[in-house]
Amino acid sequence: MNKKRPVNLDISTIKLPITAYVSILHRVSGVFLFAGVAFLLWMLDASLDSQEGFNSIRDLGANPICQAILWVVLAALAYHTAMGIRHLIMDFGVGESLKGGKTGAWLALSVAVVLIVLAGVWVW
Amino acid sequence: MVTSVTSFGRSGLYDWLIQRVGGAVMAAYTIFIVVYLVLNPELTFEQWQSLYNQLWMRVFTLVTLLSFISHAWIGLWAVLTDYLTVRLMGSKATFLRIFAQIVLGAVAVTYLVWGVQVIWGIN
Ligand code: HEM
């Protein structure tokens, strides 16, 4: 295979549609979550370890930094999951047209925003 | 058919399916935990521990953990093979990508061992 094939698509000249933004954010949130899960697993570990550990996780709100980390991780999880479910629906062939793709992107984005706000209310 | 030795299921179709099944399992686990915590606002330590002491909960957690690792491996493989490419950065790309995958593998195994310790270490 010729390794120096020409690249004709100069994406910097293209205005991105909503579907492109939700897609790249899905990627970013996925990469972030690979690290973020460490925080969730740490919480599970501490909460199951002892009564003191359980209390410290229950009272996580006493530490604003932990609170903020938890919210960011939950936000990424909510966003990635909402977009992931959109993916699964599209894999079943629903909403694959240009219009359907855009509608779905807005819908999943709205769901994600609501979930992220709810997660914030829950954490604080 | 294009094959790659560093993918997960050794073919794009397997990877595609494993990634989706893993996503669905993780979504189910997330929803389960959220619903459980919302339904039990006065959760006690004993109650929480006894939930994780049940075999089905351990299996559910382990399956989720395995889903997480395979899903993330496949997903991060896709990311790495998109950006750390010979076209974008020359011949050092392959070396960098393999190095990144070794690190990822180490992190993934650490997650697995840690997770198993958490759910089977309950006393
Ligand atoms: C918390 C653990 C998770 C991590 C670390 C994670 C990570 C990733 C990564 C890195 C990708 C690759 C993104 C890309 O290629 O652009 C990905 C893709 C994907 N994720 Fe997740 N994910 C997680 C949870 C979930 C959940 C709960 C769902 C729910 C359905 C999900 C659904 C998907 C789907 C459908 C794709 C495929 C996207 C595509 O083919 O472009 N993921 N994930």
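**Figure 1. Where H1(B) meets H3(B).** On the H1(B) side, Asp15(B), Ile18(B), Gln19(B), Gly22(B), Gly23(B), Val25(B), Met26(B) and Tyr29(B) touch Phe60(B), Val63(B), Thr64(B), Ser67(B), Phe68(B), Ser70(B), His71(B), Ile74(B) and Gly75(B) of H3(B). Sorted by class, this contact has eight nonpolar, eight polar and one charged residues. A word on the model: it is predicted, so local features need pLDDT of at least 70 and side-chain atom pairs count only at pLDDT 80 or more, while totals for chains, interfaces and linings use all residues. Residues are numbered from 1 along each chain as its sequence is written, and chains are lettered from A and ligands numbered from 1 in the order in which they are written. In contact means that the C-beta atoms of two residues, placed from the backbone, lie within 7 Å. Helices (H or I, at least four residues) and strands (E, at least two) are DSSP runs, numbered from the N terminus. For the classes, Ala, Val, Leu, Ile, Met, Phe, Trp, Tyr, Cys and Pro count as nonpolar, Asp, Glu, Lys and Arg as charged, and the others, Gly among them, as polar.

**Figure 2. How H1(B) and H3(B) cross.** The two helices pack at an angle of about 135°, and their axes are 8 Å apart. That angle makes H1(B) oblique to H3(B). H1(B) passes H3(B) in a left-handed crossing. Axes here are lines fitted to C-alpha atoms, for helices over the stretch in contact, with angles from 0 to 180 degrees between N-to-C directions. Under 35 degrees counts as roughly parallel, over 145 as roughly antiparallel, 65 to 115 as roughly perpendicular, and the rest as oblique. A crossing is left-handed if the near helix is turned anticlockwise from the far one by less than a right angle, and right-handed if clockwise.

Figure 3. The ligand lies between chains A and B. Around the ligand are 27 residues, and the closest are Arg27(A), Gly30(A), Gly84(A), Gly23(B) and Gly75(B). A residue is near the ligand if its C-beta atom, placed from the backbone, lies within 6 Å of it. H1 and H3 (64-91) of chain A, along with H1 and H3 of chain B, each supply at least two residues of this shell. By class, the shell splits into 15 nonpolar, ten polar and two charged residues.

**Figure 4. Chain B against chain A.** Here 20 residues from chain B and 19 residues from chain A make the contact. On the chain B side, helices H1 (12-39), H2 (45-53), H3 (55-83) and H5 (92-120) each supply at least two residues. The residues on that side of chain B are 14 nonpolar, five polar and one charged.

**Figure 5. H3(A) alongside H4(A).** These axes come within 9 Å and cross at roughly 155°, and H3(A) and H4(A) are therefore roughly antiparallel to each other. H3(A) passes H4(A) in a right-handed crossing. Among the H3(A) residues that meet H4(A) are Gln67(A), Leu70(A), Trp71(A), Leu74(A) and Arg86(A), and among their H4(A) counterparts are Gly104(A), Ala108(A), Val111(A) and Leu115(A). The contact divides into 16 nonpolar, three polar and one charged residues.

**Figure 6. A closer look at Trp71(A).** Trp71(A) sits in helix H3 of chain A and is partly exposed, with 17 other C-beta atoms within 10 Å. A residue is buried if 20 or more other C-beta atoms lie within 10 Å of its own, exposed if 12 or fewer, and partly exposed in between, with C-beta atoms placed from the backbone. Setting aside neighbours within four places in sequence, Trp71(A) is in contact with Ala119(A), Gly120(A) and Val123(A). Trp71(A) and Trp122(A) are 51 residues apart in sequence, but 9.0 Å apart in space, C-alpha to C-alpha.

**Figure 7. H1(A) meets H4(A).** H1 (residues 18-49) and H4 (residues 98-123) of chain A pack at about 50°, with their axes 9 Å apart, which makes H1(A) oblique to H4(A). H1(A) passes H4(A) in a left-handed crossing. Ile18(A), Thr19(A) and Val22(A) of H1(A) touch H4(A) residues including Gly101(A), Lys102(A) and Trp106(A).
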